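Reader: I'd like to talk through some side chains in this one. Can you take me through them, a pair or a residue at a time?

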Amino acid sequence: DLETMRAMSKTIRDTVEKFREEARKEVEERASEAFRMVINAPEALTGVIIDSNFRARIAGSDGRAIRAPSSGQEVTMTLCVLDALRQTSGINAPIFFDTPARSLDEDHKKAQLEYFWKIRDNQFIIFPHSGEYRLDEVIQYFGGEICRAWELLWPNDYEICPNCGVDLLKDGKVKRCLECDFSLDITSRNTIVRDLEV
């Protein structure tokens, strides 16, 4: 009958809302914990606030959302919320981070990498822009945990010949190696993929 259908529908809605609220609290708790681990002022920025629509804001020392967070703080918060959603959902899938260290200083970049490179079951893939991380330092500190790494370069980015290691000389629109006659057209917009040793 109609009353039974209405009661069942209400029960389903209430159950979904209950699980949604439990998930919101868990995401907020996990994101806040991660956020405090990767920032350098956990007494001033105390965590992440997730509202009922799953919009995120950064909490100040008074527990209220701060006004006008920096772009670095917003990037860090977003990564922490994404990781919290992954943990809460229980979905075992790779995580893709595009330019995760933009607007961050060196200490925050290192803290971010240390947090996300903790021993865990999930693979994560980073697409940083030039200068976002110091490549040699990342490979030195985290090389044992990196599966594969590549660098995308413009022809003009090359300073040393990839064949013999001699400095390349600029000759008009070409960079040329005088040792092995290797050359690159520096006006080309084709990227070169370099496999990095890790």
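Reader: What distance, N to O, separates the side chains of R6 and E3 in their salt bridge?

Author: Keep in mind this is a predicted model. R6 and E3 both sit in helix α1, three residues apart, about one turn of the helix. R6 is partly exposed at 47% relative accessible area, while E3 is exposed at 52%. Their side chains meet in a salt bridge, N to O, at 3.1 Å.

Reader: And K175 with E159: how far apart are the closest N and O atoms in that salt bridge?

Author: That pair links distant parts of the chain, 16 residues apart: K175 is in strand β7, and E159 is in the loop between β5 and β6. The closest N and O atoms of the two are apart by 3.4 Å.

Reader: Is K175 buried or exposed?

Author: The cut-off for buried is under 20% relative accessible area. K175 has 6%, so K175 counts as buried.

Reader: Which residue has its backbone oxygen 2.9 Å from a polar atom of the T76 side chain?

Author: T76 belongs to helix α2, residues 71–89. T76 is buried, with 5% relative accessible area. Leaving aside neighbours within four places in sequence, T76 touches F35, V38, I39 and L104. The backbone oxygen lying 2.9 Å from a polar atom of its side chain comes from G72.

Reader: How many salt bridges does a search of the whole structure find?

Author: Besides the pairs above, R64 and D62 meet in one at 3.0 Å, N to O. E21, R24 and E28 are linked in a network of them. Searching the whole structure, the number of salt bridges found is 13.

Note on methods:
Residues are numbered from 1 along each chain as its sequence is written. This is a predicted model: local features need pLDDT of at least 70, side-chain atom pairs count only at pLDDT 80 or more; totals for chains, interfaces and linings use all residues. Side-chain values use heavy atoms; hydrogens and water are left out. Helices (H or I, at least four residues) and strands (E, at least two) are DSSP runs, numbered from the N terminus. Buried means under 20% relative accessible area, exposed over 50%, partly exposed in between (1.4 Å probe, protein chains only). A polar contact is a pair of N or O atoms within 3.5 Å; within protein, one must be able to donate a hydrogen and the other to accept it, and residues adjacent in sequence count only if both atoms are side-chain atoms. Contact means heavy atoms within 4.5 Å. A salt bridge is a side-chain nitrogen of Lys or Arg within 4 Å of a carboxyl oxygen of Asp or Glu.
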